[in-house]
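Subject: Structure handover

Hello,

Here is the structure we talked about, with its sequence. My notes follow below it.

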Amino acid sequence: MKSLRYSLAALALIGTTHAAMAADNLEIIVPFAAGGATDIVARSFEPTFSQQLGVTSVVRNVAGASATVGTAEVANSEGNPNIIGYEPAGALSIQPSLKKLPYGPDSFTYICRTVSNPMFLMVSKSSDITSFKQLVEESQDQPFLYGSSGPGTLPHLAMAATVVNSDLKAEHVPYSGSGPAMNALAGNEIQIMADTETILENYDLRPLAVFADHRVEGYDDVPTIEELGLPALDFSVWQGVVAPKGISDERAKQYAEACKATVESDKFKTFADKAKANIAYLGPDDFKAFVQKRFEANKQVLEDAGLTQ
Amino acid sequence: MDVILAAVGDAFTWQALLAIVIGTWAGIIIGGLPGLGSVVGLTIFLPFTFGMDVITSMALLIGVYCGSVYGGSITAILINTPGTPQSAATTFDGYPMTQQGRVDEALGWATFASFFGGVLSCVLLIFCAPQLAKFAVNFGSIEVFALVCLAMLCIVGISRGSLLKGLVCGMMGFFFSMVGSDPITGADRFTFGTYALSSGLDLIPVVVGAFALSEVFVRFSSRDEEATTIPEARLRFPGLRDIGRRLIELVRGSFIGSFVGALPGTGAAAAAFISYAAAQKLSPRRANLGKGEPDGIIASESSNNAVTGSAFIPTLALGIPGDVVTAMMMGAMVIHGITPGVRLMQDQAQTVYALFVVLIIVNVAMLVLSKPSIGLFRYLFKLPLGFVMGGIVMFSFIGAVSVRGNPLDLVVAALTGILAYVLRRGGYPLAPLVIGMVLGPALESSLRRGLLISRGDFLSFFTHSGIATTLFVLIGLFLIWTVTAGVLEWRARAATRRKAASAQPVSE
């Protein structure tokens, strides 16, 4: 029993260190595990951002449940001026319509949108399909299968919206990420996938359409969805910074200025270029309106496709 | 040829070599501490790599990765607590050897098998990456389902003692893996309306609870003198003759690890269990497995370290990371402007070859650094047992929470610890619980995805592809073999019992 006392003493000592360490650091929550696509951008964003604010900051990865766990943590920190979230599109504009969450689009102080990449509708280069029209025709006998990086993700929604709004016959097969879905596409387990330029460039893929309101530079011969006779569908993979509600206007302004300066810095631009992240800054008001609009649009898609609870 | 020479030059810079030494050593220590595993190690070191060039940063990360997979075996052998889930199968024979006073031999085999597996998989990676990657692409959902079924069948035999108790724990692990979001529909399952549970139960907190915490509880509640001392950690490498005698075990384990590592969505923990199951069927010394037989350590450690090399096959050849660890490595490459994908081998041949060289140096460094690292653990474990156990509890909780940063994982680890303690007291084996959690998600999602692809027709699974048919035939043969062997054994036992009964009339 003596050893039990020793170990309890050791544990008690360790317990006190945490209290001593808690200082006024800025915590940047990334709702994904370290090393993921969002995390990499967040970690390149963080040094310049904290320099602009003049504080020490720490990136904390809080992963799980389609990024909603980390996002909920930001929402639940109401009034805390030392916590922000580096958020992906899905956690803010899709998940709240999919399941019961402790937050909604109104639970945040919006700071800025940092990057945004339009998604492409793609097939494997080894397939003989070269146009969306041909894809629709060939799907009539035997429906195609489209992959996604998980149920309720942007790739899923983009394709679900396409299927609802066109004659394309295709069914959904979710994977645990873009990587496994690419593996399935390479093995012809699935035939269609919607994802960003990064994916398009890294694998043997052929773009058939782009989910944006105008053609994308560098892909001038890829038509937009609207040009193909569908309603305009706008699906982009974007990221942005949010703070909890209840922080002072002054603090929110500091965040917004620091974010703008970071996104415009050479350091971040060089990184974004390398990582093929398309810088698309939006200020606090524009970002808030944008998220609200995307939230409504995604909700409509989910309802049309019968995916809401 | 020039490219290869240039690549060797890239890998032999002092920065890269220093990174390898630091990374590998830190990896072994991190892997050895229960709760802290490969993912935590990489998370700690990832931010340091931002200021380095690409080869140096990859050298650091590969060092941490390979080191941690090996390091897990040290505590598995010394205190029956795998430092990482990948080394869970090492406890089966490693700890019995320790109890028999053969700790130096056990650590020697674990070290050598790790080195052997690591190097062999590097060689495979260098020469067969494109072919293996092409083969791995053919492993779609239905093929993976067949493979996991086969693996689960083999693994049923792993549980020592009662088959029923093993199955109970296996199903429990399978059930644990189902908590959280449904992989196909995204709906919440078994969360009882609590939002905190919707992210599911992570493997690390469960492993930490099942092995590390329950071990602490067992030791504290035991009045046995043996349970309160930890033997001195020493390392003795096996002699050449011993290696020759067990070469086939080393090669088999390494090949199984290399193969499983190249497939998407499996990983080192699964590879180690599959390899152990294979040794149980094929090793000439299989009767001793589970009682302190080096073959068991070899099976587990050669295969889990072989995964380190082959996990890079899909990552480098296709840009598809096979597991969380390679996904993190891929992230590190992207930061340095190298995007793995189908064109990487052509566009960045020099970098890729330099990575191969780094992988081999890391494995050599691991062999060299094993001795000082084990020395460090020797000093750590000389502390009063209370401090050691307190430290294990602390690191377990740090490891449990740092994977996802979710405080729920602390509760999960503590509750699993209590559950595991009760199970151990009742003679239930814990390995099946971990196996259920490791293979459960793969089994479920591959089956359900397979059904989506075949449009609900399960019978077409059997004829889906050559690979699938072969695997299902193997499953059939395995079942027939097991049942026949069981019946024969039962008959033989019945016959001897009859003989014994007729020779010696019952006295009662």
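How many residue pairs are in polar contact between chain A and chain B? There are four, counting pairs with both residues at pLDDT 80 or more. Please keep in mind that this is a predicted model.

The interface. Chain A puts 50 residues in contact with 49 residues of chain B. About 4,000 Å² is buried between chain A and chain B, and carbon and sulfur atoms give 61% of that area. Two salt bridges are counted between these chains. B:R455 forms a salt bridge with A:E171, with 3.7 Å between the closest N and O atoms.

On the side of chain A that touches chain B, the elements that each supply at least two residues include α2 (37–53), α3 (68–75), β6 (144–148), β7 (170–174) and α8 (178–186). The most comes from α1(A), with seven residues. Sorted by class, this side of chain A has 27 nonpolar, 13 polar and 10 charged residues.

The sheet in chain A. Five strands make an open sheet with mixed pairing, in the order β7-β6-β8-β5-β9. At the edges are β7 and β9 (205–210) of chain A, each pairing on one side only. From one strand to the next, the twist averages 35°.

Within this sheet, β6(A) and β8 (residues 192–195) of chain A run parallel and are joined by two bridges. A:Y146 stands opposite A:I192 in β8(A). Helix α8(A) lies across β5 (120–124), β6, β8 and β9 of chain A, at about 150° to β8(A).

Regards

Notes
Residues are numbered from 1 along each chain as its sequence is written. Chains are lettered from A and ligands numbered from 1 in the order in which they are written. This is a predicted model: local features need pLDDT of at least 70, side-chain atom pairs count only at pLDDT 80 or more; totals for chains, interfaces and linings use all residues. Side-chain values use heavy atoms; hydrogens and water are left out. Contact means heavy atoms within 4.5 Å. Buried area is the accessible area (1.4 Å probe) that two parts lose on being put together, summed over both. A salt bridge is a side-chain nitrogen of Lys or Arg within 4 Å of a carboxyl oxygen of Asp or Glu. A polar contact is a pair of N or O atoms within 3.5 Å; within protein, one must be able to donate a hydrogen and the other to accept it, and residues adjacent in sequence count only if both atoms are side-chain atoms. Helices (H or I, at least four residues) and strands (E, at least two) are DSSP runs, numbered from the N terminus. Ala, Val, Leu, Ile, Met, Phe, Trp, Tyr, Cys and Pro count as nonpolar, Asp, Glu, Lys and Arg as charged, and the others, Gly among them, as polar. Two strands pair if DSSP finds at least two bridges between them. Axes are lines fitted to C-alpha atoms, for helices over the stretch in contact, and angles run from 0 to 180 degrees between N-to-C directions.
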